[in-house]
Amino acid sequence: MIALVTGANRGIGREVARQLAVAGHTVFLTARSAEAAAEAARAAGPDAHPLRLDVTSEADITAVARDLSALDVLVNNAAITYDTWQRATDADLDVVREAAETNLYGPWRLTQALLPLLRASAHPRVVNVSSKVASLASMGGGTPAYTSTKAALNALTRMLAAELGPDRVLVNAVCPGWVATDMGGPGGRPVAEGAASVVWAATLPDDGPTGGFFRDGQPLPW
C-alpha cells in the first residue's frame, strides 16, 4: 500500500506517516521544505520517502501527481492558523482567506489531482484531518479562520464520499482530538493517540464507512 501524508514534517502528520510505515505502507511524507521532509522521512524509516509540497501551489501539486505512479491512501493533514486571537465579529478576512488556501483549497486541489491514481487503486482511501470545533452541532465562537475552513473541509468530505462511492473510494473526516503539538499547545493528549485516530481511517477495510466524521473510530456529530 502506498500512502501520501501532507504536512508530515511535524506533529500529527509526522506521527501518522511513521505509524503507516510501521504498518507496512510505503509512505510519501510531504512538507513545504524539502529539508524538513527529508529529515522526517529519515526518522520514519526506510519505507518513508520525502516530497516537497506546498498544498497552496498548483505547480507543486501538478509535480507530485506527475511523479507518483501509484497511490492507495491520501491523508490531507496540512493545516494552518488556529486563530485564538480572533472572533467572527471582527475577524481579519485576509487571515481567513489565507487559512482557506491551505485548509480547504489545498486538500481539494490535491485530491482532484490524485484522483486518477486513487481510482486505479484496489483499496483507495482519503482521510481529511478535521477538528471537533468544525462540528455545527456544538460550534461556538472563536478561531473563525480555523473553524470555518475545517467546517468547509467536512462539507467537502461529504461531497467527495458521495461522488466517489461508485469508484470504491472511502472518504472520511477525522478529528484527532486536542493533541500536544505546536498548533495544539501543551496539555493535549499524546501525539501517537491522535495520529492513531487518523491511521484508523486510512486503513479501513473495503466495507468500512465513508462520508463520516470520526474520532478514535467513533462517529462525531456533524
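Is valine 174 buried or exposed, and at what relative accessibility? At 0% relative accessibility, valine 174 counts as buried, where buried means under 20% relative accessible area, exposed over 50% and partly exposed in between (1.4 Å probe, protein chains only). The model shown in these views is predicted, with local features requiring pLDDT of at least 70, side-chain atom pairs counted only at pLDDT 80 or more, and totals for chains, interfaces and linings using all residues. Residues are numbered from 1 along each chain as its sequence is written, and side-chain values use heavy atoms, with hydrogens and water left out.

**View 1. Valine 174 in strand E6.** Strands (E, at least two residues) and helices (H or I, at least four) are DSSP runs, numbered from the N terminus. The C-alpha atom of valine 174 is separated by 7.1 Å from that of serine 131, 43 residues apart along the chain. Apart from neighbours within four places in sequence, the contacts of valine 174 (heavy atoms within 4.5 Å) include Val127, Asn128 and Val129, as well as Ser197, Val198 and Ala201. Phe213 and Phe214 are also among the residues in contact with valine 174.

**View 2. Helix H6 and the elements packed against it.** H6 (residues 191-202) has 12 residues. From its first C-alpha to its last, H6 reaches 17 Å, close to the 16 Å expected at 1.5 Å a residue; the expected span is 1.5 Å times one less than the number of residues. The buried residues of H6 are Gly194, Ala195, Ser197, Val198, Val199, Ala201 and Ala202. These buried residues pack against helix H1 (11-22) and against strands E4 (73-76), E5 (125-129), E6 (170-174) and E7 (213-215).

**View 3. The packing of helices H4 and H5.** Two packed helices are described by the angle between their axes and the distance between the axes. H4 (residues 93-120) and H5 (residues 144-164) pack at an angle of about 20 degrees, with their axes 8 Å apart. Axes are lines fitted to C-alpha atoms, for helices over the stretch in contact, and angles run from 0 to 180 degrees between N-to-C directions. H4 and H5 are therefore roughly parallel to each other, a term for angles under 35 degrees. H4 passes H5 in a right-handed crossing, in which the near helix is turned clockwise from the far one by less than a right angle. Residues of H4 including Val95, Leu104 and Trp108 take part in the contact, as do residues of H5 including Tyr146, Leu153 and Leu160. By class, this contact of H4 with H5 has 15 nonpolar, four polar and one charged residues; Ala, Val, Leu, Ile, Met, Phe, Trp, Tyr, Cys and Pro count as nonpolar, Asp, Glu, Lys and Arg as charged, and the others, Gly among them, as polar.

**View 4. The packing of helices H3 and H4.** H3 (residues 58-67) packs with H4 at an angle of about 30 degrees, their axes being 9 Å apart. That makes H3 roughly parallel to H4. The H3 and H4 crossing is right-handed. In H3, Glu58, Ile61 and Ala65 meet Gly106, Arg109, Leu110, Ala113 and Leu114 of H4. The residues of this contact divide into five nonpolar, one polar and two charged.

**View 5. Threonine 30 in strand E2 (residues 26-31).** Threonine 30 is buried, with a relative accessible area of 1%. Leaving aside neighbours within four places in sequence, threonine 30 is in contact with residues including Leu4, Val5, Ala37, Leu51 and Leu53.

Methods: Parallel < 35°, antiparallel > 145°, perpendicular 65-115°, else oblique.
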